[in-house]
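Q: Hi! I have a structure open and I'm new to it. Could you walk me through it?

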Amino acid sequence: MIHYSTMALCVVVADHTGSGLDVLATLSAGVPGVGPELVASGAVDGVVALATCNRVELYLDVPEDAVAGTSQHATRALAARAALSGARYAHPQSDRQEQLVRSPFAPAGCPHLIDVRTQRDAVVHLFGVASGLESMVVGEREIVGQVRGALSTAREQHTTTPLLEAAFQTALRVSRTVVGAVPLDVLGRSAVSEALDLAQVSHNGARALLVGTGSYAGASLAALRARGVYDVRVFSGSGRAEGFAERHQVVPATDLFHELRHADVVVTCSGTGPVLGADQVAAAREGRPLVLVDLALRRDVAPEVATLPGVRLVALADVGAACCDPDVAAARALVDAAADAFMRERQVRDWSPPVIAARARMLRACVTGVDNTMLARRAAHRIMHTPTIRAKWAAASGDRDAYTAALAELEALADAAERQVHAAAVLL
């Protein structure tokens, strides 16, 4: 009996286009620890969890016949962890969470919040994400480091599998290839740079305050310097300002209100929830102009701040609304071709064990007994060559009937060789 591969790559996707930033902010709180929890439950073989400012995704190595149930279980686990963290509208019994959980399998017309993709569709999605083609700002390169970091975290948590390793390593290689196919005017774009452009931060002599030392802080600092803003102070509510300041040659700040009074530009990226409220900003500025850029998924700046006189506030939602999709058809074609090649290679690998076993039996029979010579080995390889190639091509194309026929021929050759050896042994 032939045993075909029973494992599938599956991805549960919540992103800025389908789910919205509020849903992402909720689900992102459930990402830490969800991989080990799912693996320990036995529902999946492996998990890589990816969380960025515009997506929360779980890449799963799951049984092929249990994709629907497993992906729904993974979504429930993620939403439950978000509820435990105190995130908004994520209580296990709330209608909102039930909508989150049901949405991958909801009938047409139901709200689209979570998407589930499997096999080739999952591979295309992963390769596109790693290449920046699915980002809020198409072509951004920060995502490469985030994908690499997600894989590294999964390794540390012992939740990777050979399938996930192969998919992510290939995705990182594909991302380097895609760069050459992305239009020159797209390269170097990012959510940070787009936000600063929207806020019209482009003059020398400005004093900037950076709130937060997380993943976007370094990119924000580089983007500020690229625009001629070199007088930068950094504040961290978690006490990490001094370390960040020393690494990046900026000034650490301990008094947020004082810095808020003297800054021309404030960029927030702590992601810990509201840091600046309307009353606080109003008291510090007293009507003087201020540019605020909020890059946190869980907003650092209260929306009411935008109503204050003299204040210009740009948030991630504004970046998403302002961005238009460039023509990256050539890049997407490279992703599609790479996904096809990956699926063919995995198919051949998954279907190879029975072919290898049949060839091994044939070879053992041909070199057993009196004819244990190099000539016998060559003869065995020559006989097996044609059905082996047919099996390989059938596996690559997913043609199970042709694969079954080629494997049956190999096994028949092995059976015949074993019978001949047995008959010769009886005569001796």
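Predicted model: local features only at pLDDT ≥ 70, side-chain atom pairs only at ≥ 80, totals over all residues.

Q: Okay. How many helices and strands does the protein have?
A: The secondary structure comes to 16 helices and 10 strands.

Q: And how much of the protein is buried?
A: Buried residues make up 48% of the 428 residues.

Q: What share of the contacts comes from residues 24 or more positions apart?
A: Taking the contacts with a separation of 6 or more, residues 24 or more positions apart account for 71% of them.

Q: Let's look at the sheet. What is the strand order in the open sheet of six strands?
A: The order is β7-β6-β5-β8-β9-β10, and the pairing is parallel.

Q: Which strands sit at the edges?
A: Those are β7 (251-253) and β10 (311-315), and each of them pairs on one side only.

Q: What is the average twist?
A: From one strand to the next, the twist averages 20°.

Q: How many bridges join β5 to β6?
A: There are five bridges between β5 (residues 207-211) and β6 (residues 231-235), and the two strands run parallel. To see one of them, find A208: its bridge partner in β6 is V232.

Q: Which strands does helix α8 touch?
A: Helix α8 (residues 191-198) packs on the sheet and touches β8 (265-268), β9 (290-294) and β10. The direction of α8 makes about 155° with that of β10.

Q: Where do Y59 and F168 lie?
A: Y59 lies in strand β3 (residues 55-63) and F168 in helix α7 (residues 162-178), so the pair ties together parts that are 109 residues apart in sequence.

Q: Are those two buried or exposed?
A: Both Y59 and F168 are buried.

Q: What about F127 and F342?
A: Their ring centres are 6.0 Å apart and their planes are at 80°, so F127 and F342 also form an edge-to-face pair. This pair links distant parts of the chain, with F127 in helix α5 (residues 119-130) and F342 in helix α14 (residues 329-366), 215 residues apart.

Q: Is F127 buried or exposed, and F342?
A: F127 counts as buried because its relative accessibility is 0%. F342 counts as buried too, at 6% relative accessibility.

Q: Now a helix. Which residues of α2 are buried?
A: In helix α2 (residues 34-41), the buried residues are V34, G35 and L38. They cover an arc of only 100° around the axis, so they are on the same side of α2.

Q: What follows α2?
A: α2 is followed by G42, and the phi of G42 is positive, near 85°.

Q: Where else could I look for a positive phi?
A: Q119 is found in helix α5, and its relative accessible area of 25% makes Q119 partly exposed. Another residue to check is H158, also not a glycine, with a phi near 60°. H158 lies in the loop between α6 (142-156) and α7, and H158 counts as exposed at 68% relative accessibility.

Q: How many disulfides are there?
A: A search of the whole structure finds zero disulfides. As for cysteines, C10 is buried at 0% relative accessibility, and C269 is buried with a relative accessible area of 7%.

Q: One last stop: where is Q72?
A: Q72 lies in helix α3 (residues 67-84). Q72 is partly exposed, with a relative accessible area of 25%.

Q: And how far is Q72 from I114?
A: Their C-alpha atoms are separated by 9.9 Å, while the two residues are 42 residues apart along the chain.

Note on methods: Residues numbered from 1 in each chain as written. Heavy atoms only, no water. Helix = DSSP H or I, 4+ residues; strand = E, 2+ residues; numbered from the N terminus. Buried < 20%, exposed > 50% of the residue type's maximum accessible area, 1.4 Å probe, protein only. Phe/Tyr/Trp six-rings, centres within 6.5 Å; stacked < 30°, edge-to-face > 60°. Pairing = 2+ DSSP bridges. Axes fitted to C-alpha atoms, helices over the stretch in contact; angles between N-to-C directions. Contact = heavy atoms within 4.5 Å. Arc of directions from axis to C-beta. Disulfide = S-S within 2.5 Å.
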